[in-house]
Amino acid sequence: MARIYDTFIAGGPVMWPLLGLSIVTFACALERAWFWFQLLSKEDRIVHDVLAAARFDLMKAANIAQKAQSLPIGRFLFAPLRLTQPTPETFRLAMEAAGDKEFTQMRKGDKLLETVVALAPLLGLLGTVTGLIGTFNNLNIGGGGTTAEATRAAAGIGEALITTAAGMIVAIIALIFFRVFVTLQSQQIDYFSDVGSELELIYRQTWYEPMFSSIGQNSTQGNG
């Protein structure tokens, strides 16, 4: 632990903003990891229950989705089910609007991680420059420098190398988190699309088309 602290101090003042970026990165990653764990561990059961109920009772399906309002998939499914006898076009529009809103929420934290990926290497480069400046300031070229001057010059080189490495490490970690979350978002977009299409098909075939077919038959009988 003492060695880590000594290395951190040897990196110079630029290490402090890099530390701040690393803390922000891990805080964002933990928050997003909890979000995705909650969603992925529960959404299949919610989807199964809602689709199964929708084949027999839309009100029951809407109640199941409403109880899952804490999750994106619950809000996505509840948006069309809460409507009263909508047309298929309105049904789909409600799902698409809810889906777009949920996808925006899923991207929460992406901008922060992108900023860390871009900023951390630049801070590392800044530390490199300041370290090299300190190195050259402590060099006594042609004057037969003392051991103390050589030690200060070596410290400047160490600062330059440490900040460069630290900046790259922070950026790499943030990039890994970012790519993992983007992959999960892409998978969710496909999943929401499949679930939405299946729910819309159930609504069309089980509820909308038979209802208007029966209305048309009653109208024909009445005219006859």
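The expected span of a helix is 1.5 Å times one less than its number of residues. I note at the outset that this is a predicted model.

**Entry 1: helix H2**

I applied that rule to helix H2, residues 15–54. Its 40 residues should span 58 Å, and its end C-alpha atoms are 56 Å apart, which agrees. I then looked for a bend and recorded one of about 40° in H2, at Glu43.

**Entry 2: a surface patch**

I looked up nonpolar side chains on the surface. Tyr5, Ile9, Trp16, Leu19 and Ile23 form a patch there, with about 540 Å² of accessible area together. Helix H1 (2–10) and H2 each contribute at least two of the patch residues, and the largest share, 3 residues, belongs to H2. I checked Trp16, which sits in H2. Trp16 has a relative accessible area of 52% and is therefore exposed, the cut-off being over 50%.

I turned next to the interior. In soluble globular proteins, nonpolar side chains tend to be buried together. Here the largest nonpolar core has 49 residues, and Ile73, Leu77, Leu81 and Leu199 have the most contacts inside it. At least two core residues come from each of H2, helix H3 (58–67), helix H4 (72–81), helix H5 (88–106), helix H6 (110–137) and helix H7 (147–223). The largest share of this core, 14 residues, is supplied by H2.

I examined H4 separately. This helix is mostly covered, with 9 of its 10 residues buried; among them are Pro72, Gly74, Phe76 and Pro80.

**Entry 3: salt bridges**

Arg55 pairs with Glu198, their closest N and O atoms being 3.3 Å apart. This pair links distant parts of the chain, for Arg55 is in the loop between H2 and H3 and Glu198 is in helix H7, 143 residues apart. Arg55 is partly exposed at 38% relative accessible area, and Glu198 is partly exposed at 35%.

Glu102 pairs with Arg75, with the closest N and O atoms 2.8 Å apart. Glu102 lies in H5 and Arg75 in H4, so the pair ties together parts that are 27 residues apart in sequence. Glu102 counts as buried at 4% relative accessibility, whereas Arg75 is partly exposed at 28%.

Glu200 pairs with Arg92, the closest N and O atoms lying 3.0 Å apart. Glu200 is in H7 and Arg92 in H5, 108 residues apart. I recorded Glu200 as buried at 11% relative accessibility and Arg92 as partly exposed at 29%. Through shared partners, salt bridges join Arg92, Glu200 and Arg204 into one network.

Technical notes:
Residues are numbered from 1 along each chain as its sequence is written. This is a predicted model: local features need pLDDT of at least 70, side-chain atom pairs count only at pLDDT 80 or more; totals for chains, interfaces and linings use all residues. Side-chain values use heavy atoms; hydrogens and water are left out. Helices (H or I, at least four residues) and strands (E, at least two) are DSSP runs, numbered from the N terminus. The bend at a residue is the angle between axes fitted to the seven residues ending there and the seven starting there. Patches are made of residues with over 30% relative accessible area and no salt bridge: like charges are joined within 9 Å, nonpolar side chains (Val, Leu, Ile, Met, Phe, Trp, Tyr) within 5 Å. Accessible areas come from the Shrake-Rupley method with a 1.4 Å probe; for residues, only the protein chains shown count as cover. A salt bridge is a side-chain nitrogen of Lys or Arg within 4 Å of a carboxyl oxygen of Asp or Glu. Buried means under 20% relative accessible area, exposed over 50%, partly exposed in between (1.4 Å probe, protein chains only). A nonpolar core is a set of buried Ala, Val, Leu, Ile, Met, Phe, Trp, Tyr and Cys residues joined through side-chain atoms within 4.5 Å.
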